[in-house]
Amino acid sequence: VSLSKCGRNEEALAWFDKALAENPRDYAALRQKGVSYSMLGKLDKAVECYDKALEINPANSAALINKARTLIELQDYKAAVAVYDLLIASDPNNPYHLLEKAIALGKLGRPAEAADAVNQAYGLANPTETLRRGKTYWLKRLGLDAERHRDTKTGRPRSDAGGEYGYIARVMEKTWEIFREDIRSFRKQIE
């Protein structure tokens, strides 16, 4: 894990293999091996590791989260939605599972379902202040026009006025775009 965090994922893979030779049912080692493969851009191998970890421990939420995010990177949005459904069933009060599911639904061209997932996330009890004020951000990130997605009962738009959060959200989105390119560049350099 330390080697992986230092960006030395090829070396980390060798050590995960050693750990798994000692205990082939070490689902944490399998999950972390998947992370190293992911960092190397070997996404299919990462998913294989997550699947093996989940065979041993189906309730391993970290492996499910990693698998779902990797499936989104692989643009297998339908499979990602199925994994997020498992996460939501096991942890129904985590709004981020719903929000990430909304991304996959948006990529599948299912905007109404994506908006519903965002609304479900914001309907959970005790959202953080940042989460509460960011609904407009999530709808915009999904490419949804908040005004077109109105609550059928009240007729009001299904979004909050984001206020100053709109500016912060744009900065965060741009930062994420830059970060994604850095990761891709880093993976290419490693390969």
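1. A helix here is a DSSP run of at least four residues, numbered from the N terminus. With that in hand: Asn9 sits in helix H2, which covers residues 9-22. Keep in mind that this is a predicted model.

2. On to the whole chain. It has 11 helices and 0 strands. Of its 191 residues, 41% are buried.

3. Setting aside neighbours within four places in sequence, Asn9 touches several residues, including Ser36, Met39 and Ile190.

4. Now the salt bridges, of which the structure holds 7. One of them pairs Lys33 with Asp17, with the closest N and O atoms 2.5 Å apart. Lys33 is in helix H3 and Asp17 in helix H2, 16 residues apart. Lys33 is buried at 12% relative accessible area, while Asp17 is partly exposed at 37%.

5. Asp51 and Lys67 form another salt bridge, with 2.6 Å between the closest N and O atoms. Asp51 belongs to helix H4 and Lys67 to helix H5, so the pair ties together parts 16 residues apart in sequence. Here Asp51 is partly exposed at 28%, and Lys67 is buried at 17%.

6. Which residue does Arg69 meet in a salt bridge? That would be Glu100, at 2.8 Å from N to O. Because Arg69 lies in helix H5 and Glu100 in helix H7, this pair ties together parts 31 residues apart in sequence.

Conventions
Residues numbered from 1 in each chain as written. Predicted model: local features only at pLDDT ≥ 70, side-chain atom pairs only at ≥ 80, totals over all residues. Heavy atoms only, no water. Helix = DSSP H or I, 4+ residues; strand = E, 2+ residues; numbered from the N terminus. Contact = heavy atoms within 4.5 Å. Buried < 20%, exposed > 50% of the residue type's maximum accessible area, 1.4 Å probe, protein only. Salt bridge = Lys/Arg side-chain N within 4 Å of Asp/Glu carboxyl O.
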